[in-house]
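Visitor: I would like to see how the labels attached to a model follow from their cut-offs. Could you take me through some of them?

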Amino acid sequence: TWGMTPVQPTPSRRTPLKYFNYIYPLLGLVTLLSALTIAVIWLESGQKGLVGRGTLVLCGVALGFVLHRSRFCFSKAFREPLVNGDGEQTRAVMLSLMLGMLSFSLVFQKELIDPFRAVPPTFWLGSLAGGVIFGIGMLLAGGCASGSLWRAAEGQVKLIIALIFFAWGGSTFSALIKQAGWLTREMNMDLLEETALGFQAFMPQILDGWTWTYLVNFSLLALWYLIIKYNEVSHRFTVM
């Protein structure tokens, strides 16, 4: 019966200070105006590096607003269908993946970005190990990278601590892997870079074109959607 009985709230003896209700919105407004002002100054500087930073600031502000208002979180998308059968957040992740695949495929096809600069040579060993570690970590922490960011901005101390160790642990572990030589790249016969952790898995090259890439990816998304809808009705895979 552990975890099945709701915890009774303990009445707080502290009286919340009413002026906090006015301070926090003002702090948020000041932060927003400061970010926009810095972004505009950088964009108007004419320097390529600063213009890029200004663009990133604007994108970060917009992305942060959308993440917070939508309560977007990969951890919730994977957890909720198994806990209570709720698939709303999972469908949001599916939609984001679909839009992301379409938009980035167009960017790659127009050769605006070299895909092999974005695809790390870590498939399949590195991707599998990293996915397992990150998956366990985000469930224990109660949030993925995106979910932890907006939850930390709301003042959740646990996620603030998780973000600090997430950044420190990730950078440290990456440095140790590079120092060990596991990410030393070698070119194979198919012009795909290989390391001790895997190779560059670029699906259009592996599947010989974008048609099969679209077909495989959207078929997997459709299968995932059907499983989630079935579970919402039947609760076959829920534990609660």
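Guide: Arg236 is found in the segment after helix 10, where helices (H or I, at least four residues) and strands (E, at least two) are DSSP runs numbered from the N terminus. This is a predicted model, in which local features need pLDDT of at least 70 and side-chain atom pairs count only at pLDDT 80 or more, while totals for chains, interfaces and linings use all residues. Residues are numbered from 1 along each chain as its sequence is written, and side-chain values use heavy atoms, with hydrogens and water left out.

Visitor: Why does Arg236 count as exposed?

Guide: Buried means under 20% relative accessible area, exposed over 50%, and partly exposed in between, with a 1.4 Å probe and protein chains only. Arg236 has a relative accessibility of 59%, and therefore counts as exposed.

Visitor: What makes the pairing of the side chains of Arg236 and Tyr230 a polar contact?

Guide: The term requires a pair of N or O atoms within 3.5 Å; within protein, one must be able to donate a hydrogen and the other to accept it, and residues adjacent in sequence count only if both atoms are side-chain atoms. For the side chains of Arg236 and Tyr230 the value is 3.5 Å, and the pair is counted as a polar contact.

Visitor: Why are helix 4 and helix 10 called roughly antiparallel?

Guide: Axes are lines fitted to C-alpha atoms, for helices over the stretch in contact, and angles run from 0 to 180 degrees between N-to-C directions. Angles under 35 degrees count as roughly parallel, over 145 as roughly antiparallel, 65 to 115 as roughly perpendicular and the rest as oblique. The axes of helix 4 (residues 88-109) and helix 10 (residues 210-234) come within 10 Å and cross at roughly 175 degrees, and the two helices are therefore roughly antiparallel to each other.

Visitor: How do you know that Ser105 is buried?

Guide: Ser105, which lies in helix 4, has a relative accessible area of 2%, and therefore it is buried. Leaving out residues up to four places away in sequence, Ser105 touches Trp210 and Tyr214, contact meaning heavy atoms within 4.5 Å. The side chain of Ser105 also makes a polar contact with that of Tyr214, at 2.7 Å.

Visitor: Which residues make up the largest nonpolar core?

Guide: A nonpolar core is a set of buried Ala, Val, Leu, Ile, Met, Phe, Trp, Tyr and Cys residues joined through side-chain atoms within 4.5 Å. The largest has five residues, Leu67, Phe72, Ala77, Val93 and Trp150.
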